[in-house]
Amino acid sequence: MTPKIESASLQEIKAFQEIEMQKMLAYIGEHSAYYKKVFRENKIEISAIKTLEDLQRLPITTKDQLQQNNDAFICVPKGKIIDYVTTSGTLGEPVTFALSEKDLQRLAYNEAISFACAEVEPDDVMQLMTTMDRRFMAGLAYFLGARKLGAGIIRVGSGIPELQWDSILKFSPTYLICVPSFLLKMIEFATNNGIDLAKSSVKGAICIGEPIRNEDFTYNTLATKIKTGWDIKLYSTYASTEMSTAFNECGESKGGHHHPELIIAEILNNKDQQVKDGEVGELVITTLGVEAMPLLRFKTGDMVRAHTSPCPCGRNTMRLGPVVGRKKQMIKYKGTTLYPPAMYNVLNDFEKIDCFLIEISLNDLGTDEILIKIAAKTETEEFLHEVKDHFRAKLRVTPTIEFHDKKELNMLRFPKMSRKPIDLIDLR
């Protein structure tokens, strides 16, 4: 189920996107109260925007603007809205997104081609290990995508290793859709309960919400731990509610493939200019084919690197490397620039650490401070020094690290309304 446009030449992909972009601009120019105002105030004649390069002439859309003018982005009457979802609110108040019937069909198509990219076939059975409720777009998208592809799906929901294994042993799914760190709990449960991992039906996992690769596409610490315990194929995926689109790895594991029929992707520097090939920048997206709440040049806040060489899988689309970090979560610590994923990787190296929480704050001088709270099986000064030495070796700096009670730490990591664990609190 690979769309022809994804194996077309770069020139054909660009020409296709420019046609779709012009349709999108005409649509929001007529139906979006927010963008009508933006075009009017900036004296923008949208008919003059004809190429992808011309996009640079249009203003950026920020998360703050989306939050403050949420309803003004809706382009359809209330009667056409079928589903309401909200963002996870990782860096602020959640934003509401409305979806029409056409948008739900687009969402299903996106996930179907994304699953196909990750080598899922119609005769596969997928176990959905994430919630479909709580106004969560992703769980619904996975269900719709599997149905569109023709694959079977088992809606187990999140957590409860015993229930997950019960479903695996009963229904023999071939793929799991899950947060990768939960696979470690699945491995632990299997080991403690005499389940032979090598004989399970599972051959792969679509990993959501957490990175499993380093920037050179090798497995990171978390993925290495999973692979050591359970030799299944791991596929990385990157998506967000705002995009209504996913970037999924193919079997070559060289980055998440861009779907040019669904989204335009720019990678910009701090001056909102396109970065050079291979440089890290902020992902900025323009949605294509979205009816209820299309977005123009929306800043995702995610720092990424694009890879533009042809993929051995036959697709010529741009691929996104692992998210380096979120722009707002960039930390300047003792002269070193850090992003949280780098610290997660260091902490995941230690089997003795049960869980952790990173707190970022400003000190009296207005510079960044890092406090890492860990719950560990061994609470000794020697172990603390070992962790600090590992930080120094890997990241060249040593943050403040403290032991904390596991139960209290998990209460902070799993607040009642959260849909995923919180491993970082930014107090700046």
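L66 lies in helix α3, which covers residues 63-68. The model is predicted. Is L66 buried or exposed? Its relative accessibility is 1%, and buried means under 20%, so L66 counts as buried.

What surrounds this leucine? Leaving aside neighbours within four places in sequence, L66 is in contact with F73, V95, F97, E242, M293, L295 and F298. Take E242 from that list. L66 and E242 are 176 residues apart in sequence. In space, their C-alpha atoms are 9.9 Å apart.

Next, a pair of helices. Two packed helices are described by the angle between their axes and the distance between the axes. Helix α6 spans residues 161-171, and helix α7 spans residues 180-192. They pack at an angle of about 75°, with their axes 9 Å apart. Angles of 65 to 115 degrees count as roughly perpendicular, so α6 is roughly perpendicular to α7. Which residues meet there? From α6 come P161, E162, Q164, W165 and I168. From α7 come F182, K185, M186, F189 and A190. The residues of this contact divide into seven nonpolar, one polar and two charged.

Now the sheet. Four strands form an open sheet, and the pairing is mixed. The order is β19-β18-β17-β20. Which strands stand at the edges? They are β19 (400-403) and β20 (424-426). Each has a single partner strand, so one side of each is left without a neighbour in the sheet. The twist averages 20° from one strand to the next.

Look at β17 and β18 within this sheet. Strand β17 takes in residues 353-362, and strand β18 residues 368-376. The two run antiparallel and are joined by nine bridges. In this pair, I360 stands opposite I370 in β18.

Two helices pack on the sheet. Helix α9 (residues 340-347) touches β17, β18 and β20. The direction of α9 makes about 150° with that of β17. Helix α10 (residues 381-395) touches β17, β18 and β19. The direction of α10 makes about 150° with that of β19.

Finish with α9. How many of the eight residues of α9 are buried? Six are, so the helix is largely enclosed by the rest of the structure. The buried residues of α9 are P340, M343, Y344, N345, V346 and L347.

How values were computed. Residues numbered from 1 in each chain as written. Predicted model: local features only at pLDDT ≥ 70, side-chain atom pairs only at ≥ 80, totals over all residues. Heavy atoms only, no water. Pairing = 2+ DSSP bridges. Axes fitted to C-alpha atoms, helices over the stretch in contact; angles between N-to-C directions. Contact = heavy atoms within 4.5 Å. Parallel < 35°, antiparallel > 145°, perpendicular 65-115°, else oblique. Nonpolar A, V, L, I, M, F, W, Y, C, P; charged D, E, K, R; others polar. Buried < 20%, exposed > 50% of the residue type's maximum accessible area, 1.4 Å probe, protein only.
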